[in-house]
Amino acid sequence: MTSAEKSLKISKEELKQNLTPEQYDICVNKGTEMAFTGKYYNYKKPGIYKCVVCGNDLFSSDTKFDSGTGWPSFYAPLKNENIKEEVDNSFFIKRVEVNCNRCGSHLGHVFEDGPKPTGLRYCINSASLKHQAGESQ
Ligand SMILES: [Zn+2]
């Protein structure tokens, strides 16, 4: 079992049943989907983006912006306590990893080159998200 799998609060078997192989690779093994391939990078419908694993409310369409990177980008999470940020030194440059605070699923990274008002850019994999249409918050 890898350390990434251990940090998840849901069993690996359960995840394998409920996720596609690509979702599993991203959420559990902290993979990154190819730019411009995810279903939400250019998605503009209002609503809430939930954790694909546990359904936790993560991001709102209100804070989504077009970063041009090919990944869904948000300048703020819906609630700070719904996500967990961890420093990731795996690529020699310091990056801050963003995980779901409820189940531990990997979501993406946060960078400090986002737009106002926060100056942050949450670069999130479409595969980690599930959009729920409706009123944005
Ligand atoms: Zn979750």
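**The nonpolar core and its setting**

A: In this predicted model, the accessible surface of the protein comes to about 7,600 Å², and carbon and sulfur atoms account for 50% of that area. Of the 137 residues, 45% count as buried. The C-alpha trace spans about 40 × 35 × 30 Å along its principal axes. The radius of gyration is 14 Å, which agrees with the value near 14 Å for a compact globule of 137 residues.

The protein has three helices and nine strands, and along the sequence they follow the pattern α-α-α-β-β-β-β-β-β-β-β-β. Among contacts with a separation of 6 or more, 55% are between residues 24 or more positions apart.

Against this background, the largest nonpolar core has 23 residues. V53, L58, F59, Y122, I124 and L129 are those with the most contacts inside this core. At least two core residues come from each of α3 (21-27), β1 (47-51), β2 (57-60), β6 (95-100), β7 (106-111) and β8 (121-124).

L58 lies in strand β2. With 0% relative accessibility, L58 counts as buried, because the limit for that class is under 20%. Beyond its neighbours within four places in sequence, the contacts of L58 include Y49, K50 and C51. L58 also touches P77, L78, K79, N82 and I83, together with C100, L107 and L129.

Some backbone features complete the picture. K116 is 58 residues from L58 in sequence, and their C-alpha atoms are 19 Å apart. The peptide bond from K116 to P117 is cis, with omega near 5°, and P117 is in the loop between β7 and β8. Most peptide bonds are trans, and most residues other than glycine have a negative phi.

The loop between α3 and β1 holds K30 and F36. K30, which is not a glycine, has a positive phi of about 60°, and phi of F36 is near 60°, likewise positive. K30 is partly exposed at 31% relative accessibility, and F36 is partly exposed at 47%.

Key. Residues numbered from 1 in each chain as written. Predicted model: local features only at pLDDT ≥ 70, side-chain atom pairs only at ≥ 80, totals over all residues. Heavy atoms only, no water. Helix = DSSP H or I, 4+ residues; strand = E, 2+ residues; numbered from the N terminus. Rg over C-alpha atoms; globule rule 2.2 N^0.38 Å. Buried < 20%, exposed > 50% of the residue type's maximum accessible area, 1.4 Å probe, protein only. Contact = heavy atoms within 4.5 Å. Areas by Shrake-Rupley, 256 points an atom, 1.4 Å probe, with all protein chains shown as cover. Core = buried A, V, L, I, M, F, W, Y, C linked by side-chain atoms within 4.5 Å.
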